Amino acid sequence: MIAVIPVRDGVPPAGADEAIGEADGEAVFIGSRADVAAKDLADHGVRFWTIEADLDPNAVAIDVAHALSTLDRSDSVVLPASPDGRDLAPHIAHRLGRTLYAGAITVSDERVSVSVRGGLAIADHQPAGPFVATLQLGVRGSERDERETIITAIPSLVSSSGASVSSAVRSDGVLPPDVSTMDLAEAPRILGGGAGLSDGPAFDLLGRVAMALQASMGVTRVITDRGWASHERQIGTTGVVVDPDLYVSFGVSGAVQHTSGLGQPEHIISVNTDAHCPMMQMSDLAIVSDANAVLHELATRLGVEAS
Ligand SMILES: Cc1cc2nc3c(=O)[nH]c(=O)nc-3n(C[C@H](O)[C@H](O)[C@H](O)COP(=O)(O)OP(=O)(O)OC[C@H]3O[C@@H](n4cnc5c(N)ncnc54)[C@H](O)[C@@H]3O)c2cc1C
């Protein structure tokens, strides 16, 4: 099996290390500054190939198919189920003429397990031949690979031939994502709100403070159940699995269904009136205070107006 890792400006997506692990350390990195991302993840793999290219889905499918045939590889392909991975996988599957398994939790040549019905059931498949799969983030986990990693560049078939993939579509560049709408799974900074924030408008303010800090807003299930935020903002086992560098929580107790979807943030700051709750226990900085007051103070200092 071989992993395909989409790269934007040298940054691999969340879940890249897990997809590489599932492919036993072999991966094709494709995108802008793919070599930088490959070097970054060198201690998770053993054999990497890099293709410098635009992340145009049709072009990527052509380049991946070409790379696999150049490398004489006819094995299955696994991508992280990140936004780019989910976008590209159907194009690659179509180009290779293979079955696509979307949102798998484990992948091997003999068996692919896909979580269905919102995580309530698992469907097992026995593939008849090589396939393409996307691997859900945060389920498998990753480990370091002690073997030496060899990184080889492969020219992009599409860019080097100057061939245009589609005459109807022209890419003029890639804009950075909007933190208020970007997929939480990709967000490097998250401000999370829980039941300690007292009402719906507090989440409007939390979203605007997050934006001022170039962060995205996440919430607990209690908040989505109350209808104060939409489900794609929910962090946890029945929400989105995230892996930010910084997580700042306001009035979140830290129930296991929430924290198991948190990944491994490098820094955690929490505001809670209960100094002993699990969220405070796992924080680098635990502020014992009213989360509503701290949020309003933060908003004032950042010049964010309450609506
Ligand atoms: C099958 C199942 C799946 C679930 N999936 C998820 C999931 O995906 N994601 C998820 O988040 N939850 C999930 N849950 C729910 C989870 O068990 C918790 O109930 C939920 O995470 C708690 O949310 P909370 O921290 O906002 O609320 P609470 O647990 O009620 O905690 C509120 C916190 O706010 C603090 N607080 C209160 N007032 C203030 C104040 N004025 N200032 C500061 N702090 C204050 C309290 O001390 C407390 O720590 C799931 C539950 C089940 C059974």
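1. Domain bounds here come from an automatic or database domain assignment. On that basis the protein chain splits into domain 1 (2–161) and domain 2 (184–302), and their centres, taken over C-alpha atoms, are 31 Å apart.

2. Some housekeeping: this is a predicted model, where local features need pLDDT of at least 70, side-chain atom pairs count only at pLDDT 80 or more, and totals for chains, interfaces and linings use all residues. Residue numbers start from 1 along each chain as its sequence is written.

3. On the domain contact (C-beta atoms, placed from the backbone, within 7 Å), domain 1 puts in eight residues and domain 2 seven residues. The domain 1 side has four nonpolar, four polar and no charged residues. Nonpolar means Ala, Val, Leu, Ile, Met, Phe, Trp, Tyr, Cys and Pro; charged means Asp, Glu, Lys and Arg; the others, Gly among them, are polar.

4. Now the sheet. Five strands form an open sheet in the order E11-E10-E12-E13-E14, with parallel pairing. Strands E11 (216–219) and E14 (285–288) are at the edges with a single partner strand each, so one side of each has no neighbour in the sheet. Strands (E, at least two residues) and helices (H or I, at least four) are DSSP runs numbered from the N terminus, and pairing takes at least two DSSP bridges between two strands.

5. Neighbouring strands are turned by 15° against each other on average, direction ignored. Axes are lines fitted to C-alpha atoms, for helices over the stretch in contact, with angles from 0 to 180 degrees between N-to-C directions. Helix H6 (residues 200–212) packs on the sheet, touching E10 (189–193), E11 and E12, and its direction makes about 165° with that of E10.

6. Valine 248 has isoleucine 269 in E13 as its bridge partner.

Methods. Two residues are in contact if their C-beta atoms, placed from the backbone, lie within 7 Å.
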